[in-house]
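Let's take a look at one protein model together. We'll go through how some of its strands line up and which charged side chains pair off.

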Amino acid sequence: MTSNVTTTLLNTVSHTVTNTVPNYLNPDIAADLALLDIPIIEATPESLKGYGYFVDDPKTFDIEITRWPARGWRQVDEDTGDEGGVTEGTFISTWKGDYLFGRNKAVDGHYIIGYNQRPEIAVDTHNDKPSQLLLWHANYHPDGGQMFYPKSNQPFLLPLALPGDDVKPQDFVCFYFSGERGAYIHADIWHEGVFAIAGEQEFADKQGAVHARVSVDFGKEFNCLLRVDLTQLPK
């Protein structure tokens with residue numbers, strides 16, 4: 001089911017990337033894109049190093065806020081630049097047919113964050129359990145970290161990649177969380193919300209209030225979608 005993706009294709013970045021806001025509820029995704037499988041990794045303290053760590057108590061958990069960068073040789077005063085604070089709300093991850101919707105009430109966001117079928121043939125008229133997760137987009141927040149804590153004791157997924165604007169599709173891995181603990185990711189970590197495996201899940205969400213977002217569009221930049229094989233998840 002997965003198309004072959006050549007090394008040349010994955011290492012070629014479009015030089016026409018523009019700083020436009022994607023239409024998250026009707027993204028412009030080309031048909032017949034290659035599918036690149038990304039590995040599933042069980043979340044452990046060791047495997048999460050560099051990406052973030054587990055959260056045991058969302059009420060007392062502190063979010064890291066990144067100091068605003070200097071634009072020239074004069075430095076930002078040490079008591080300024082990190083005073084934007086945090087915002088909190090509920091992140092709702094909902095499968096509807098072949099579409100996975102994310103609604104982030106902390107920042108009033110509503111998105112299509114994944115698909116069960118290629119976007120050009122996806123439908124919302126069934127309740128079948130998804131067998132795969134196709135990702136078209138990811139982003140990171142330079143201004144602060146982000147916490148997701150499940151409100152029900154159900155497994156969930158977090159596809160992530162380490163920092164760097166030269167990120168490539170093969171840099172991503174998909175972390176599997178058992179649902180007994182929450183997840184925290186550092187600022188600059190590539191992600192795309194939090195993913196229910198089936199049905200609907202709600203998560204307590206806490207993140208930097210500035211909510212700067214830097215994006216990658218896999219279809220436009222790399223002619224592919226990322227794929228997570230949901231039939232291969234830990235039992």
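What follows is a short walk through a sheet and then some salt bridges.

First, a bit of housekeeping: this is a predicted model, so local features need pLDDT of at least 70 and side-chain atom pairs count only at pLDDT 80 or more, while totals for chains, interfaces and linings use all residues. Residues are numbered from 1 along each chain as its sequence is written, and side-chain values use heavy atoms, with hydrogens and water left out.

**The sheet**

Helices here are DSSP runs of H or I with at least four residues, strands are runs of E with at least two, and both are numbered from the N terminus. Two strands count as paired if DSSP finds at least two bridges between them. With that in hand, you can find an open sheet of four strands, in the order 2-11-10-13, with mixed pairing. Strand 2 (40–42) and strand 13 (195–196) sit at the edges with a single partner strand each, so one side of each has no neighbour in the sheet.

Strand 2 runs parallel to strand 11 (residues 173–177), and three bridges join them. Which residue of strand 11 is the bridge partner of E42? That's Y176.

**The salt bridges**

A salt bridge here means a side-chain nitrogen of Lys or Arg within 4 Å of a carboxyl oxygen of Asp or Glu. By this rule the model has six salt bridges. Here are some of them, with the N to O distances:

| Pair | Closest N and O atoms |
|---|---|
| D28 and K220 | 3.7 Å |
| D217 and K220 | 3.8 Å |

D28 forms its salt bridge with K220. D28 is in the loop between helix 1 (7–10) and strand 1 (34–37), and K220 is in helix 2 (residues 218–222), so this pair ties together parts 192 residues apart in sequence.

How open are these residues to the outside? We call a residue buried under 20% relative accessible area, exposed over 50%, and partly exposed in between (1.4 Å probe, protein chains only). D28 is exposed at 60%, K220 is partly exposed at 47%, and D217 is buried at 15%.

R67 is partly exposed at 34%, and D82 is partly exposed at 31%.
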